[in-house]
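Biologist: Before I use any of these labels, I would like to see what stands behind them. Please take me through the model.

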Amino acid sequence: MSVKDSAARYGAVSRVLHWGMALLLLWQFLGAGARLLLEDTPIEAFFWSTHKPLGFLLFALIWLRLLWALLNLQRRPASVGLPATLGHLGLYALLIAVPGLALLRQYGSGRAFEPFGLPLMAGFDGKIEWMTNLGNALHSWLGWALLVLIVGHVFMALLHRHSAGHTDVLPRMWGK
Ligand code: HEM
Ligand code: HEM
């Protein structure tokens, strides 16, 4: 399989990023779901404990993915239509906004943040209210909106595969 994308299929880098991030997001939403529904249980403690560092990792990966998508824009498989293009753009926008707003809130809180031991935010005395307010207002709602969009994305991929007259797009991203 080629490293770069081609008109017929996504290449190795796009696929590793797509499926790797999908697995990390699955874990991330298990944690968010446990926080919402199973508060103060060992299940929440298990899944939720990685939420911040993993969220930071996803934030770093989405920029790599965006860069790779732009470099491969001319050779990627053609979109099956405007709704697909808009759906993919929406996924990118939320994959930047959701962790981005949480990181902004984290910075504004004045608390130190060291994902994977990396000294990312040193922390300071006080608080930057507009940053924490923005994150409080939007992070979890947009997070759940991202999950809805992902469910729609998977549904459409399967619908295209099993409907007569539709282009089966799954082999572009999975298998040969
Ligand atoms: C967390 C979950 C997921 C996210 C965030 C996601 C996001 C995306 C994005 C942004 C694209 C556009 C190509 C790119 O830039 O990488 C894409 C393509 C694709 N995804 Fe997903 N995806 C997810 C899970 C899945 C799953 C579970 C399936 C399996 C049915 C799937 C099937 C596909 C297919 C077949 C394409 C190629 C579509 C085409 O070329 O028209 N995705 N995905
Ligand atoms: C792609 C990455 C991320 C996704 C998909 C995501 C998703 C979510 C979701 C759905 C919730 C709501 C849970 C509930 O209803 O109880 C949530 C809450 C939360 N997230 Fe994230 N998150 C991500 C990244 C981050 C990052 C990077 C941080 C911090 C650095 C963070 C910190 C928090 C905190 C503190 C909460 C609880 C407060 C609140 O509901 O806003 N998240 N996240």
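Biologist: Which residues of H1 are buried?

Modeller: The buried residues of H1 are Ser14, Arg15, Leu17, His18, Met21, Leu25, Gln28, Phe29, Gly31, Ala32, Gly33 and Ala34. Buried means under 20% relative accessible area, exposed over 50%, and partly exposed in between, with a 1.4 Å probe and protein chains only. This is a predicted model, in which local features need pLDDT of at least 70 and side-chain atom pairs count only at pLDDT 80 or more, while totals for chains, interfaces and linings use all residues. Residues are numbered from 1 along each chain as its sequence is written, chains are lettered from A and ligands numbered from 1 in the order written, and side-chain values use heavy atoms, without hydrogens and water.

Biologist: Why is His18 called buried, and why is His153 called partly exposed?

Modeller: His18 has a relative accessible area of 14%, under the 20% limit, so His18 is buried. His153 stands at 29%, between 20% and 50%, and therefore counts as partly exposed.

Biologist: What coordinates the iron atom of ligand 1?

Modeller: His18 and His153 do, each through NE2, at 2.0 Å. Donors are N, O and S atoms within 2.8 Å of the metal (3.2 Å for Na, K and Ca); water is not among the atoms, so sites may look incomplete. His18 lies in helix H1 (residues 12–37) and His153 in helix H5 (residues 129–162), 135 residues apart. Helices are DSSP runs of H or I with at least four residues, numbered from the N terminus.

Biologist: What makes the arrangement around the iron atom of ligand 2 octahedral?

Modeller: Six donors count as octahedral if opposite donors are over 155 degrees apart and all others between 65 and 115. The six donor atoms around the iron atom of ligand 2 subtend angles of 86 to 180°, which makes the arrangement octahedral. The ideal angles for six octahedral donors are 90 or 180 degrees. The protein donors here are His51 (NE2) and His139 (NE2), 2.0 Å from the iron. The pair links helix H3 (residues 51–71), which holds His51, to H5, which holds His139, 88 residues apart. Both His51 and His139 are buried.

Biologist: How do you know that Arg35 and Arg105 make polar contacts with ligand 2?

Modeller: A polar contact is a pair of N or O atoms within 3.5 Å. An N or O atom in the side chain of Arg35 is 2.9 Å from an oxygen atom of ligand 2. For Arg105 the corresponding distance to an oxygen atom of ligand 2 is 2.8 Å. Both pairs therefore qualify.

How values were computed. Helices (H or I, at least four residues) and strands (E, at least two) are DSSP runs, numbered from the N terminus. Four donors count as tetrahedral if all angles lie between 85 and 135 degrees; four count as square planar and six as octahedral if opposite donors are over 155 degrees apart and all others between 65 and 115; anything else is irregular. A polar contact is a pair of N or O atoms within 3.5 Å; within protein, one must be able to donate a hydrogen and the other to accept it, and residues adjacent in sequence count only if both atoms are side-chain atoms.
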